Amino acid sequence: MRHAHTVEQVRAAEADLMARLPEGTLMQRAASGLAVAISNYLGHTYGARVVLLVGSGDNGGDALYAGAQLARRGAQVTAILLSDKAHDAGIAALTAAGGRIHPLASSAKGAAIASADIVVDGIVGIGGRPGLKPEAQAVVQVAVDHDVPIVAVDMPSGVDVDSGETPAEHVKAAFTVTFGTHKICHFVDPAAAACGPVHLIDIGLELPAPAVSAIQDADIRERYPVPHGESDKYSRGVLGLMAGSSQYPGAAVIATSGALAGPIGMLRYLGPDEVATAVRAAHPEIVAGEGRVQAWAIGSGLGDELEVDKVRELLNAEEPVLLDADGLKALDDSGDHIGVLATPHAGELARLLGVERSTVEAERLKHAKLAAERFDVTVLLKGATTVIAAPDGQVRVSSNATPWLATAGAGDVLAGLCGSLLAAGLTPLDAASLGAYLHGAAAQLASASGPLTAMQVAKKIPEATRLLLDQDIPG
Ligand SMILES: NC(=O)C1=CN([C@@H]2O[C@H](COP(=O)(O)OP(=O)(O)OC[C@H]3O[C@@H](n4cnc5c(N)ncnc54)[C@H](OP(=O)(O)O)[C@@H]3O)[C@@H](O)[C@H]2O)[C@@H](O)CC1
Ligand SMILES: [K+]
């Protein structure tokens, strides 16, 4: 996993380390990493035209020192000072390296930005409040109007660092160079979408447990419940699936496709006879009717056929339960739901919490955590970046989805797959994490940069799993 820490955690780690190192060491490490990342992006340094947007703090200092290093290697570097205050030693270093300094009032600044190869956003970093001042917004807009790429120093200025929210104007970066650890805004939308690819420069910080972790390929290898020689269909896990209705029979076929592509040994389907017939026609290996299961997945396409009392009984039973779509209507905030995984999209989460959908979309991390706490469940909030919040406060994100995945039935596949992982014995947090990541990986295979259907995603889950587990096909 990659880990993100809060501003407070970063400041504390920085203070610890700075006390043991000569002054300025951390900024030099940061600036060197930034300069290298800029050179790599441009593909050359000599003659490159680099404009630094410099705010009043150390974020501007990073930009100035990186600019000085690039100027020493032959770049034409111009700094635009956006505040009366700026990092004095950084300005001295840039000037000594042959860089130019423009105050905000300079009439030449627009032309410098318009003809730049790259603009460096050193306006604010972890000391920043959300939003851009009008003078900063104006110079950023010149870069946007002239298609000049912007590299964000630490994070795109104007985003809310600790929440990933973007309540006001902010920079949209071609890429971001950050230091010591990721920050929450790198992982959580909408801010994450403004970062572009994020390069992490190690500056030697020693950090506590992260606030948010991002799932990677290696996590699948470490946590996937791979069967062994002694496994049988029961020990691999049996999932009970309640999905589909006469109104939405297709949801059951799609959800069962997702479930069968996961690790379970057997799938029991419970639902109306005509839907069971359709499900078994698509998947003859499915067993219809009651029986022992290790986990339940309830909800996709149930429509009005949701039996709230029955579902509430299951929520209070021992087996873990996944609630999706209509199944979420059975969730209440009384009692212990520690084994429950809820998989809402933003609209469903908004209904559960009694707020507007747009509010959930703007404040995704906050509302996922709020619901996890209020309902005592693990919440998987679907989206371009999926946010998973556990009731103990752990948060993970999965960011490998493709925009093509926004298609009918994709959520049913995810519910089936996560249910399958729950039945195989993973915790709700791990089932959600691996499910979201495998779903995203399967969608990438199914899409190959083009349109896809939910069933195609389900069909690609075994291949995505095999690739991520790195297992050769025997024979
Ligand atoms: N921590 C680390 O490990 C390392 C940190 N390093 C670097 O230091 C950066 C943090 O630097 P920092 O603390 O000096 O704060 P920074 O973000 O430059 O803001 C400065 C001032 O800006 C102002 N301001 C606020 N909001 C604003 C807005 N929207 N628009 C305009 N102005 C705004 C506000 O001043 P005020 O307006 O309140 O007077 C604030 O005090 C960090 O991101 C990284 O790049 C690396 O060098 C080494 C390792
Ligand atoms: K910045």
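**Briefing: annotated site, sheet and nonpolar core**

Asp121 counts as buried because it has 32 C-beta neighbours inside 10 Å; the cut-offs are 20 or more other C-beta atoms within 10 Å for buried and 12 or fewer for exposed, with partly exposed in between and C-beta atoms placed from the backbone. The model is predicted, so local features need pLDDT of at least 70 and side-chain atom pairs count only at pLDDT 80 or more, while totals for chains, interfaces and linings use all residues. Residues are numbered from 1 along each chain as its sequence is written, with chains lettered from A and ligands numbered from 1 in the order in which they are written.

**Annotated site**

- An unreviewed UniProt entry lists Asn59, Asp121 and Ser157 under "binding site"; such annotations may be inferred rather than shown by experiment.
- These positions are spread over 99 residues of sequence, yet they cluster in space, with a largest C-alpha distance of 9.7 Å.
- Asp121 is part of strand S5 (residues 118-122), where strands (E, at least two residues) and helices (H or I, at least four) are DSSP runs numbered from the N terminus.
- Beyond four places in sequence, the contacts of Asp121 (C-beta atoms, placed from the backbone, within 7 Å) include Leu53, Val153 and Ser157.
- Asn59 belongs to helix H3 (residues 58-72) and is likewise buried, with 25 C-beta neighbours inside 10 Å.
- Among the contacts of Asn59, leaving aside neighbours within four places in sequence, are Gly122, Val153 and Asp154.

**Sheet**

- An open sheet of seven strands runs in the order S4-S3-S2-S5-S6-S7-S9 with parallel pairing; strands pair if DSSP finds at least two bridges between them.
- Strand S4 (100-103) and strand S9 (198-201) are the edge strands, each pairing on one side only.
- Strand S7 (residues 175-179) is joined to S9 by four bridges in the parallel sense, and Val177 has His199 in S9 as its bridge partner.
- Helix H2 (residues 25-42) packs on the sheet and touches S2 (49-54), S5, S6 (150-153), S7 and S9.

**Nonpolar core**

- The largest nonpolar core holds 160 residues, of which Val50, Leu52, Val120 and Cys418 touch the most other members; a core is a set of buried Ala, Val, Leu, Ile, Met, Phe, Trp, Tyr and Cys residues joined through C-beta atoms within 7 Å.
- Helix H15 (residues 428-447) gives the most to this core, with 11 residues.
- The core lies between domain 1 (2-214) and domain 2 (217-469), because both give residues to it; the domain bounds come from an automatic or database assignment.

Key. Two residues are in contact if their C-beta atoms, placed from the backbone, lie within 7 Å. Axes are lines fitted to C-alpha atoms, for helices over the stretch in contact, and angles run from 0 to 180 degrees between N-to-C directions.
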